[in-house]
Each structure stands twice: as C-alpha cells, then as structure tokens.
Amino acid sequence: MAKFVLIGSGLAGGLLAAYLGRRGHDVDLYERRADPREGNIVGGRSINLAISTRGIHALEQIGIAEEALEHAIPMRGRMIHEKSGALHLSPYDVDPKKCINSIGRAALNTTVIEAAQRYPNVRVHFNHKCSGVDLESAAAHLETSKGPVSARGDAVIGVDGAFSAVRKSMQHDIANFQYDESYLAHGYKELTIPPGSHGSWRMEKNALHIWPRKSFMMIALPNPDCSFTCTLFWEFEGPCSFATTKTDDDVQRFFEEEFPDAVPLMPTLLDDFRNNPTGSLVTIRCAPWSYRDKVCLVGDAAHAVVPFYGQGMNAAFEDCVVLDQCLEKFPQNRERALAEYFHRRKENADALADLAIGNFIEMRDKTASKTFRAKKKLDHALEAALPGIYLPLYTMVTFTRMPYAAAAKRARVQDSWVYASLFALAAISVGAILWFLAN
Ligand SMILES: Cc1cc2nc3c(=O)[nH]c(=O)nc-3n(C[C@H](O)[C@H](O)[C@H](O)COP(=O)(O)OP(=O)(O)OC[C@H]3O[C@@H](n4cnc5c(N)ncnc54)[C@H](O)[C@@H]3O)c2cc1C
C-alpha cells in the first residue's frame, strides 16, 4: 500500500482521504486552517451549496450520503422574482421528485473529514500550510506555528483549491505546463435573510430564489435554521457596480430599486454589505494534472469553475470517484492510474467550465423572459413525450452522471433537431396556408 500526502482538507480533500483510507493506503492530510469543528467558519466562501446527483453518488459510495444529507433542503425549481414582486416557479425537471439540495459547507466539510478519520490509517493535521512541493521526491513543505516541516509520501495530492500551492510547484517545475486563469468582471457578496418569527420561513423553502436583472442578479438558498443565504453577483466596476455603491444610502437605494420584495426581509442588509467580503469568480484550466507517479491535482486545484451550474463541488467529488477507480484499475502502476484519471476528467472539466459561464448568462438574463420559460416548458414536454430519448441539458448535468462533455454534445445535437423540426413545422404550416389561399 502507498503513502499519500494530501494538501487541503476542504470538501474534496476530506472525501478523497476517506476513499484512499478505505483502500488501505496510509494517508496524511494537511490543512492550513484550524479544525472546522472548533468553530472555524470557512470565511469568504459560500455558506451553503447545491449538491446534486454526482455529489450524492460520491458520498453514497463511501456510505455517508444519508448522514451528509440529513439537514439538506431540497430545492425543486427556480423561483424567479420580478421587480414588480411577481413570482414564477420554474421546476428543474418534469419529475417533481428530482431536486437539488441546499447543504451547509461547514457541516459537509466536517462530515467528510470525520468519514476519513474513521480509518485508522488516515491522519488529519490542521494549521499546516503548504508552501510548495518537491515533485521528484513527493515531499510537501509545510509551515506550522512551530516552524517549517516536510512531509514525504509516495505521492502528494493537491486538493488545495483554486489557488493551489501544489499546482504552483507543478507550474514552476514542469516544462510546458499549461495554465490559464480568467476572472469574470463580476464579483459576489453574501447577504442574509434571517428566519421569520418563531423560526418560520420568509420565502418558499423548497426553491432556489433568483432575482435576474439582465447584467447582474441575486440568488438565495435556504438553510436549516429557516434563514436564506443570498448572493449578489454584480460587476466590480462600471456606472452601477460594487465600485460606485459606497455609502449606506447608495446600497439602500440600489436594493430598493432592484430587489424591492427582498429589502423588507433583509434587516441586516447594510451591515452585511459593509462587512462581508466581495469575492472574485475565477475559471482555472491547466494540464497535465499529474507528474509521473508522484504528484496529482484534484477538485478546484485542477479545474476551478464559476458557480453558476452549482457543479464545482459535485465535479470535485466526482474526481474522487474516478481517481479511486483508476487506482483500483492499476494497483501496481500509479503513474498510469494518475494519467488515466487526467484523461477521463480533463475534457469534462473543460466542458463544465464552459457550461458554468453559459449558465450565468441564462440565470441573470434569460430566466426572466417569457421565451425562456416557454423553452423550459417545451424541454419538459419533449422529455415527457420522448423518455430516455430527449433529455434537457440541465437534467443531464444535474440529475445524471453522464460525462459533462457528452451531455454538452448531446444537448447541441438535440437542439439542432428541435430547431430543425420547428423550422420544418413552420414551413409546412406556411405552405399549407398558401395552398389553401391559392385554392
Ligand atoms: C460563491 C460560490 C458558490 C458555490 N456554489 C456551489 C454549489 O452550489 N454547488 C457546487 O457543487 N459547487 C459550488 N461552488 C464551488 C465549490 O465551492 C468548489 O468547487 C469546492 O469547494 C471545491 O472543493 P475543493 O476541495 O477542491 O476546494 P476547497 O473547498 O476550496 O478546499 C481547499 C482546501 O485546501 C485548503 N488549502 C488551500 N491552500 C492550502 C495550502 N497552501 N496548504 C494547506 N491547505 C490549503 C483550504 O483551506 C481548503 O480547506 C461554489 C463556489 C463559490 C465561490
């Protein structure tokens, strides 16, 4: 059995440690933060996330799905909030049982770490910040309060998120390492809708709420304590942006103008806006994800995506499943296992990155339009009429484990058939009318 050094005990790090521990490997997991169970809130990141089929499957494989989902809240569709206060629910699928689930990041992080720690061969070390990796010797350099230490394994796996220190070492030491990062012009800020009196819900509980406003939007996901975490996605710069909205009056005016139905539900709006950080939204693509049998990247470290498909964590969890399968397939040849993992995941991560950016435009701009709602209805009608033949893109991404690239390709083919059929139908109708008029 091999000895793995894992860097980062975020969502994927904890889960991967559990998978490797189950295989009997020796695992040391190093995390720069303090133990989240000591009340160390994951600062600056989404408080809750949407978990769906891929993420749930990865948890099921290690036997912790039920435990993780105990407090999750199913969301059956998007609740669109118009400026007028009108609400429209757009179900995610024709089958009302298919839903995505709002889950707390901190609780999920704790669940995966505890799952890993159930294996005696897994050890978790908090307050250890990786400053770099020596690729040839599979040794990680770590900073601790007592000074620098090194951890050597047969392999180091970087599960240390979008700004991965492990990836930086690969970038530095591997000739022709490909790296691309691109930031959206939009940032995000989290705000709160607290519970109503006596712990009641102040909006529909089983929905993901969206206030689409063309170039920007706000969303809200429910929490188990009956509160909602709202996230405003807005331009950093520009005439109406984070940069120009400085005073409390500016903020109040902007919210009353754009989100009038939400303002009465947000008593801490001004404090939240002032005190909560403004996060950036980055897409990271790189290649390769491994170096010989020594180093590998998993999750956001390999492929950070913008959050608009609610798939970043789901994809990171799926990475863990695939890496585990590859290690099982080539037990005596880790280099081949890591190469196969990269081969199976890379085009899918790239496809997801594109889908996620596309969904931003759909959520902020199109969800409010009648045409979009009609297209969703058509999607669901076709899905019901042609079961197993026609699957909407959202359904394939969210409610199946079909590889992301295959889902994107199939959606393009389906769309061309639908448009061709609609065009043919229109042509036949016009032809019939002309024939009728001529006779
Ligand atoms: C606003 C927002 C909303 C999102 N919503 C969703 C959603 O609804 N659904 C979804 O599936 N995904 C969502 N995501 C994406 C999701 O958060 C990420 O894809 C997921 O957290 C990736 O997991 P990870 O373990 O790879 O990285 P992370 O969760 O970032 O974990 C990395 C860990 O490594 C540690 N670390 C970093 N550097 C070092 C170092 N040098 N040394 C030691 N440790 C280190 C960090 O402290 C952290 O614990 C969202 C992201 C954002 C920003």
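A: The protein chain holds 13 helices and 19 strands; both are DSSP runs numbered from the N terminus, with helices being H or I of at least four residues and strands E of at least two. This is a predicted model, in which local features need pLDDT of at least 70 and side-chain atom pairs count only at pLDDT 80 or more, while totals for chains, interfaces and linings use all residues. Residues are numbered from 1 along each chain as its sequence is written, and side-chain values use heavy atoms, without hydrogens and water.

The helix to look at is α1, residues 11–22. Its 12 residues should span 16 Å at 1.5 Å a residue, and the end C-alpha atoms lie 17 Å apart, which agrees; the expected span is 1.5 Å times one less than the number of residues.

Helix α1 is mostly covered, with 11 of its 12 residues buried. Buried means under 20% relative accessible area, with a 1.4 Å probe and protein chains only. The buried residues of α1 include Leu 11, Leu 15, Leu 16, Tyr 19 and Leu 20. Among the others are Ala 12, Gly 13, Gly 14, Ala 17, Ala 18 and Gly 21. After α1 comes Gly 24, with a positive phi near 95°.

In the whole protein chain, 54% of the 439 residues count as buried. Of the contacts with a separation of 6 or more, 69% come from residues 24 or more positions apart; a contact means heavy atoms within 4.5 Å. Along its principal axes, the C-alpha trace spans about 85 × 55 × 40 Å.

How values were computed
Buried means under 20% relative accessible area, exposed over 50%, partly exposed in between (1.4 Å probe, protein chains only).
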